[in-house]
Every structure is written in C-alpha cells, then in structure tokens.
Amino acid sequence: MSDWLRTPFCERFAVRYPIVQTGMGWVSGAHLTAATSAAGGLGILAAVTLDEDAMVGAVAKVRARTDAPFGVNLRPDQPDLPRRLDVLAESRVPVVSFAGGPPAAVIERVHAAGLLCVVTVGKPRHAEKMVDAGADALIAQGGEGGGHTGDIATTLLLPAVLDVVAGRVPVLAAGGFADGRGLAAALAWGADGVAMGTRFLLTRESRVPEAVKRRYLAAGLSDTLVSDAFDGMPMRVLRTEAVGDLTTRPLLRRLLEAPRQAAQVRRITGQSWLDVVREGLRLRRREGLSLERTARAAQAPLLIRSALVEGDDVRGLLPTGQVAGAITDLPGVAELIERIVAEARRAGVRFTGVESGVDA
Ligand SMILES: Cc1cc2nc3c(=O)[nH]c(=O)nc-3n(C[C@H](O)[C@H](O)[C@H](O)COP(=O)(O)O)c2cc1C
C-alpha cells in the first residue's frame, strides 16, 4: 500500500506532509515555523531580517517547541553566510533555503555543514542550473507569488521545471496555493508538494498585527500589483495608500532619506557599515540600479517592517502573493494543514477513484 500524499519530498526531508511554509521576512518567526513543523509540514524560519544572535535565539525557540525538521531562509550573498551556516550546523538545523540562486560553492558549503539546500526558482533554466549546482529540492515559484522570481505563471512554470529537472530532485510548486485542491493539482502535474507563503501569513500563529491581517483578508484577486519601484526588483504588494506615494515620491526626498534608513536596516540585520556600502554598490552594479533605485532599496525593508511588525498598514508596504485575494479566514496552522490534506484527498478521489487517498 502506498499513500500518494507521501512523496519523495516527505522521505528526503523527513516530514509527514508535502507542505512547506516558506521563509517570509518579519513573518515566519519561531512561533509560525515551529507550528508548521509540529503539524507535519516543513516550517522555514526567515533569517535574512535577523542578525546572527536573533537567528540563534529564534532557532532555539523552534527547537524548544518541536523536534520536527525545519529550515532557515538566508540570502546566498549575505556576507556572514559561512559563519551562519556553521552556527546552524551546530544547532542541527537540517535545511537552508535560498530565494536567489546560490553558486555551486555556496551549496557545497551548505552540504559540508551537513544541511540540505532548497532553492526557489522562477525560470526553467534557473532550475537546471540549480540542480546542476547540487540543490536538494527546488521550489518552482510562478508569478502569482511574491514577484521576485519573475512573471511566468505557475501553470506554465511548473511543468516546464518538472521537464527540466526530470525527477533528479523533488520539486515543490509555489505561487498561488492556499488549499488542498491546489496540492492535489500540483501532485497531478508531477510535483512533490506545495510551498506557501501568504496562506501561512494568514494564520493565528503568524505574529503579523491583526489589523494588517484584516487588510490582507479584505483584498480581492485584483488588489495586488507587481512593481520594481519599491526595492529595485519586481515585488508584489497589496494595493494600499503607500503604493501611490512611493511610486511618486520626489527623487531628492528619497535620496535625503536613504542614509537614515540604511542605518536602521543595519541595526536590525546586524550588518556592518562596510556591508551596507558593499550591498548598495552590489545592487547598483548587479541590478544596474540608478542612485534613486538604490535609495529605494534602502527604504523598502523598513516600510515592510513598519507594516508587518508595527502594524502601519497605511504607510507601510504589504508584500503578498496574488492568492491573498482568495483567502478569507485565519485558521490555526495545525487546522490549516489538516484541512489542506483532507481537501487534497477528496480532490484526489476525482482522478484516482480511491476514497482514502491510500492507493492500494
Ligand atoms: C510577507 C512576505 C515576505 C516574504 N519574505 C521572503 C523572504 O524573506 N525570503 C524569501 O526567500 N522569500 C520571501 N517571500 C516569498 C515567499 O517565501 C514565497 O516564496 C511566496 O510568498 C510564495 O507565494 P504565495 O504567497 O503565493 O504562497 C515573502 C513573501 C511574503 C508574502
């Protein structure tokens, strides 16, 4: 007997269900991550927005709440990555996830520290590159998601990535998933599971302020937009008051605000001034950003933080997947995961004819 919901991803990552809660800056803290992993999914702690001490503290908090596997989301180009990987290895964290494509040397470093490496991709050729570089699983994220990985729709990206990967590593579908019908559909395509961000942001365990959660819940399917006006790269946000202001704010004002904002980001993420300057130069060089765009990039993390942590849903930015428009409730994480699994099994009946989801 085999259960079609127990995919190779479940075996490889030692989780009960093929459901990942993705790393979300300011959102997927210890509480949410632990709740997801304890409920049988793979929770991922967002650590790009934490300094090293805060990351260590959050990892300990997850560990105190559950023995189940969980991951930590980092940026492949963050200057303190080698040290952080050592710390994670010492804490026996089993998984690291990256949104940007890490070079093979970084993946080797992750493996040397004894961790599995999950990479989010938005194009088939990125998928190919990441499998060749040694990634242990891929998240194929369509344009319905946060926007950073490109605009190819999930329905087209997923089969293309699956073709390119050809079963070499598990592939999880992301961008636009919120329920068990989506999970069943992803498995029907040949994926190994789903990864979801916005759906987990809208749970009881997510610490996003209630008023901000209500703002997400009130959104319809057309209430998001993708723009590169916020941090220089395409990012999807809820269409709120702040969006108009940011896209029209005068250049001089932005430039004057940038150093103070960079100082605040530095304090929160534990970067040195040298790191901040290098980061600004890297953005200008690699992304070809103008001075104005570089100033915007300094501002975006604070605007996101002011909404997601401090609850300012008028001036702050609310990153989101398009799927916010399809979500109307705030379940607990365990209830959500069980519901998704039950819905997937029911959906599966339509094409397997098997009631329980267990395929004899
Ligand atoms: C509020 C928010 C913050 C996010 N922060 C990060 C992050 O820090 N690192 C990252 O790799 N992806 C980040 N993402 C992208 C998600 O991890 C995930 O890829 C995306 O939300 C999936 O699409 P969905 O929202 O349609 O499920 C963020 C997404 C949201 C909504």
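Let's start at the ligand, which has 20 residues around it, the closest being Gly23, Asn73, Gln141, Gly197 and Thr198; a residue counts here if one of its heavy atoms lies within 4 Å of the ligand. This is a predicted model, in which local features need pLDDT of at least 70, side-chain atom pairs count only at pLDDT 80 or more, and totals for chains, interfaces and linings use all residues. Residues are numbered from 1 along each chain as its sequence is written, and side-chain values use heavy atoms, with hydrogens and water left out.

A polar side-chain atom of glutamine 141 sits 2.3 Å from an oxygen atom of the ligand. For asparagine 73, a polar side-chain atom is 2.9 Å from a ligand nitrogen atom, while glycine 23 brings a backbone N or O atom to 2.8 Å from a ligand oxygen atom. On its own the ligand exposes 610 Å², and the protein buries 87% of that (accessible areas by the Shrake-Rupley method with a 1.4 Å probe).

What kinds of residue make up the shell around the ligand? The shell divides into 8 nonpolar, 12 polar and no charged residues, with Gly counted as polar, Asp, Glu, Lys and Arg as charged, and Ala, Val, Leu, Ile, Met, Phe, Trp, Tyr, Cys and Pro as nonpolar.

Now turn to the second largest pocket, with about 470 Å³ of space. A pocket is an open set of points on a 1 Å grid where a 1.4 Å probe fits, with protein on both sides within 12 Å along at least five of seven lines; lining residues have an atom within 4 Å of a point. The volume is the space filled by probe spheres set on the points. Its lining divides into 13 nonpolar, 6 polar and 5 charged residues.

Methods:
A polar contact is a pair of N or O atoms within 3.5 Å; within protein, one must be able to donate a hydrogen and the other to accept it, and residues adjacent in sequence count only if both atoms are side-chain atoms.
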